[in-house]
Amino acid sequence: MPIVLIVAEQQPDGNLRKATLNALTAGKQLADKAGAELHTVLLSKDPSKVTEELKGLGAKVVHTAAAPEFEHYLAETYAPAIAELAKSIGANYVGMASTAQGKDLLPRVAARLQAAMATDVMAFNGSGADVTFSRPMWAGNVFAEVKLTTPVKVFTLRATEFAAAQAGQGAAEVKAFSPKVETGKTKFVDFKEVKSARPELTEARVVVSGGRGTKGDFKEIEALADELGAAVGASRAVCDAGWVPNDLQVGQTGKVVAPQLYIAAGISGAIQHLAGMKSSKTIVAINKDPEAPIFQVADYGLVDDLFKVLPALREAIHKAKG
Amino acid sequence: MKILVTAKRVEDPESKIKVKPDGSGIVQEGLKYKINPFDEIGVEEGLRLVAKHGGEVVVVSIGGKEVQEQLRHALAMGANRAVWVNHTGALDQIGVAGLLQKVAEKEKPDLVILGKQAIDDDQNQVGQYLAEFLGWGQATFASKVESLESEQEKNKVPALAVGADGKSVRVVREVDNGLATLECALPAVVTTDLRLNLPRYASLPGIMKAKSKPIEELTPAKLGVDVTPKVQVLKMASPPPRKAGIKVPDVATLVDKLRNEAKVV
């Protein structure tokens with residue numbers, strides 16, 4: 001039986017990266033279409049912390065490898081181990097969420113396996129050996145249907161297009177394996193985490209984003225986000241100017257979000273930005289310029305000064321919630 | 001040090017991209033072309049490193065005759081010479097990385113710098129494939145550059161800096177929830193993120209000089225690479241359009257709509 005292998009990602013705090021749950025749902029969809037079995041793999045210094053959780057998420061087999069060298073993620077250490085496993089179990093598909101790690105790692109795995117790859121897959125079409133992939137090109141202005149012709153097919157998944165896998169889907173068989181650990185030519189030096197009390201941008205139900213119109217003053221954006229329990233996002237211009245950290249950037253070259261509600265304040269709506277938020281369920285635009293392209297995708301637009309609108313909106317929502 | 005940089009020809013990022021009615025590709029008429037913005041950042045980074053450490057910047061592009069425009073642009077920015085891999089057919093990331101591998105083996109650079117992704121196919125793969133094909137280290141999504149050389153700059157966080165012994169490169173990478181720092185032994189592959197630098201404009205003397213700088217012509221056959229695509233784009237389509245929205249006159253109406261119509265607050 002063909003095998004779909006989904007690579008799980010562990011956060012620095014030891015927990016499973018949430019996008020892994022979305023990737024497992026995608027893996028299940030692909031396995032159903034391709035008539036394949038779903039497996040998952042985790043490399044870690046200590047996989048035990050998330051093995052139990054991984055067992056109930058729909059995979060038939062959970063492969064784990066423990067080694068001190070897996071403590072800090074490095075493409076050169078992880079890629080050979082995953083490629084070795086993929087070969088030994090005869091995986092036909094290797095996939096992972098399109099996180100920074102997924103994008104860094106999977107092309108290297110694909111190169112090892114002489115496999116073709118598709119990035120940011122949004123859906124699978126067809127069945128059996130002829131499954132094709134839908135993926136965005138030109139900042140989401142084109143959806144392409146792509147066929148990979150190599151025996152092993154590698155892909156990353158756009159997490160926002162797939163629901164998170166639910167716990168309690170039976171108990172997978174756990175198989176520990178011991179890959180030959182290659183240390184490569186790169187050393188991990190350090191990781192500086194940007195900590196926030198707010199929800200993670202790509203996982204939030206509501207996102208409040210600010211653009212150039214904020215002139216760098218994010219106080220009202222943050223206050224509204226806190227009222228809504230929302231994550232804060234930003235346009236590229238705002239990150240480039242150094243007004244907010246880069247990891248808040250939403251867009252073609254930043255993060256792709258698809259929350260229930262996306263509020264864009266002082267964002268004109270350049271193609272680049274729209275690529276990262278166009279799939280949001282409801283979009284609200286607040287902008288002084290009635291011609292701003294953001295109004296073309298907004299469900300509700302308000303042409304006014306964001307410094308007037310945001311505090312009033314926060315108060316009105318607070319009142320409405322009682 | 002010798003630095004190899006890439007210069008892919010792509011549609012101007014400001015262009016409106018339209019899919020042909022038969023889904024076979026995008027409408028080419030009226031489009032302007034540029035060097036991929038991430039590659040331009042790579043060219044700039046190469047020039048800055050060579051300004052500090054000496055050496056040369058070699059720029060490579062793959063495509064038909066028209067990619068010479070992008071090579072001349074990089075040469076006008078200050079690159080020393082160019083390699084043009086003349087190929088007009090379809091290409092995928094494996095093909096591109098295979099060709100770049102051969103060019104790198106021929107040129108023996110200390111560092112290859114590529115954009116993290118091309119803004120047309122948005123794949124974000126070539127640098128990683130290339131690093132694996134060469135057996136080199138990789139540092140993708142490199143942000144902001146500073147030098148290790150002056151005392152003042154030593155105190156800043158080094159972002160992409162060559163070690164004092166010239167045998168390694170230290171790179172700060174933009175990852176999902178922060179910044180990760182790596183040290184890669186040279187030779188290595190680096191891919192650029194947006195905030196690595198602000199590329200310079202080509203000066204008029206630069207543009208004049210670029211005309212006499214050499215462009216070496218190679219082909220996939222000469223390099224011995226089979227570039228038959230293994231990623232086939234079967235069909236293109238426009239994304240489903242969003243239903244037209246409405247403008248609301250005030251905050252009260254907005255909150256009412258969000259509560260009672262969209263039911264999101």
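**Note on the structure**

1. B:Pro187 sits in the loop between β10 and β11 (188–192) of chain B, where helices (H or I, at least four residues) and strands (E, at least two) are DSSP runs numbered from the N terminus. A cis peptide bond, with omega about 0°, joins B:Leu186 to B:Pro187.

2. On conventions, this is a predicted model, in which local features need pLDDT of at least 70, side-chain atom pairs count only at pLDDT 80 or more, and totals for chains, interfaces and linings use all residues. Residues are numbered from 1 along each chain as its sequence is written, chains are lettered from A and ligands numbered from 1 in the order in which they are written, and side-chain values use heavy atoms, with hydrogens and water left out.

3. A further backbone feature of chain B is B:Asp122, a residue other than glycine with a positive phi, near 50°. B:Asp122 belongs to the loop between β6 (111–115) and α4 (126–134) of chain B.

4. The contact (heavy atoms within 4.5 Å) involves 83 residues of chain A and 75 residues of chain B. About 6800 Å² is buried between the two chains, 55% of it from carbon and sulfur atoms; buried area is the accessible area (1.4 Å probe) that two parts lose on being put together, summed over both. In chain A, the residues that lose the most area to chain B are A:Arg108, A:Trp138 and A:Tyr300, together 12% of what that side buries.

5. Seven salt bridges are found across the interface of chain A and chain B, a salt bridge being a side-chain nitrogen of Lys or Arg within 4 Å of a carboxyl oxygen of Asp or Glu. In one salt bridge, the side chains of A:Arg17 and B:Asp176 meet at 2.8 Å, N to O.

6. The chains also pair through strands: β11 (residues 186–193) of chain A and β10 (residues 178–185) of chain B run antiparallel over seven bridges. Strands pair if DSSP finds at least two bridges between them. Within this pairing, A:Asp190 has B:Thr181 in β10(B) as its bridge partner.

7. Over all chains, the count comes to 40 salt bridges. In one of these, the closest N and O atoms of A:Lys18 and A:Glu203 are 3.8 Å apart. A:Lys18 lies in the loop between β1 (3–7) and α1 (19–34) of chain A and A:Glu203 in the loop between β11 and β12 (206–210) of chain A, so the pair ties together parts that are 185 residues apart in sequence.

8. Chain A has eight helices and 16 strands. Its C-alpha atoms fill a box of roughly 60 × 40 × 40 Å along the principal axes.
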